[in-house]
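Hi there,

Here is the structure I promised to pass on to you. Please open it alongside this note, and my findings follow below.

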Amino acid sequence: MFISSIKSALDLFEKSFRKLRYKTFSQNFRFREITDESEEARKYAEEVQGPWRQVRFIPKDLLPFEADIGIFGNNTLITSLKKEYFTIRIESVEIAQAFRTMFEMMWQAAKE
């Protein structure tokens with residue numbers, strides 16, 4: 001699960017996003033992303049959407065932060081994308097579940 005402003009994320013993590021394009025996704029390895037509703041994000045979604053990789057959109061005014069949030073297993077990664085670039089990794093079942101719940105609420109509200 002991933003929440004981000006796609007333009008900032010693509011600029012900062014260009015190599016990582018390129019690698020993800022070649023990753024094999026499956027029922028056991030799905031990727032869901034929530035991003036801002038921008039032209040860049042729409043283009044990105046058209047390129048990567050598939051049965052095991054989905055992208056949904058939140059209006060820009062509701063997703064104004066310049067940070068990435070990734071939830072993988074029991075890990076939550078929070079990355080600051082502006083000024084002072086850094087990532088915090090929290091390994092905690094409880095924190096991951098809390099962020100997973102927030103992600104699911106946003107996913108339900110997001111547009112396909």
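A residue counts as buried when its relative accessible area is under 20%, and as exposed when that value is over 50%. Keep in mind, too, that this is a predicted model.

Let me start with Ser 92, which sits in the loop between strand 6 (86-91) and helix 4 (93-109). Its relative accessibility is 15%, so Ser 92 counts as buried. The side chain of Ser 92 also makes a polar contact, at 3.2 Å, with the side chain of Glu 94.

Next, have a look at helix 3, which spans residues 39-48. Buried residues in this helix are Ala 41, Tyr 44, Ala 45 and Val 48. Because they cover an arc of only 100 degrees around the axis, they lie on the same side of helix 3. Turn to the other side of helix 3 and you will find Glu 39, Lys 43 and Glu 46, which are exposed.

Finally, there is the second largest pocket, with a volume of about 220 Å³. Which strands each supply at least two residues of its lining? They are strand 2 (31-36) and strand 4 (67-72). Among the lining residues are Phe 31, Arg 32, Ile 71 and Phe 72, and the list also includes Met 1, Asn 28, Gly 73 and Arg 100. Sorted by class, the lining of this pocket has five nonpolar, three charged and two polar residues.

Definitions and conventions
Residues are numbered from 1 along each chain as its sequence is written. This is a predicted model: local features need pLDDT of at least 70, side-chain atom pairs count only at pLDDT 80 or more; totals for chains, interfaces and linings use all residues. Side-chain values use heavy atoms; hydrogens and water are left out. Helices (H or I, at least four residues) and strands (E, at least two) are DSSP runs, numbered from the N terminus. Buried means under 20% relative accessible area, exposed over 50%, partly exposed in between (1.4 Å probe, protein chains only). A polar contact is a pair of N or O atoms within 3.5 Å; within protein, one must be able to donate a hydrogen and the other to accept it, and residues adjacent in sequence count only if both atoms are side-chain atoms. The arc is that of the directions from the helix axis to the C-beta atoms. On a 1 Å grid over the protein atoms alone, a cavity is a set of points where a 1.4 Å probe fits but cannot get out, and a pocket is an open set with protein on both sides within 12 Å along at least five of seven lines; lining residues have an atom within 4 Å of a point. Grid points are joined across faces, edges and corners, and a volume is the space filled by probe spheres set on the points. Ala, Val, Leu, Ile, Met, Phe, Trp, Tyr, Cys and Pro count as nonpolar, Asp, Glu, Lys and Arg as charged, and the others, Gly among them, as polar.
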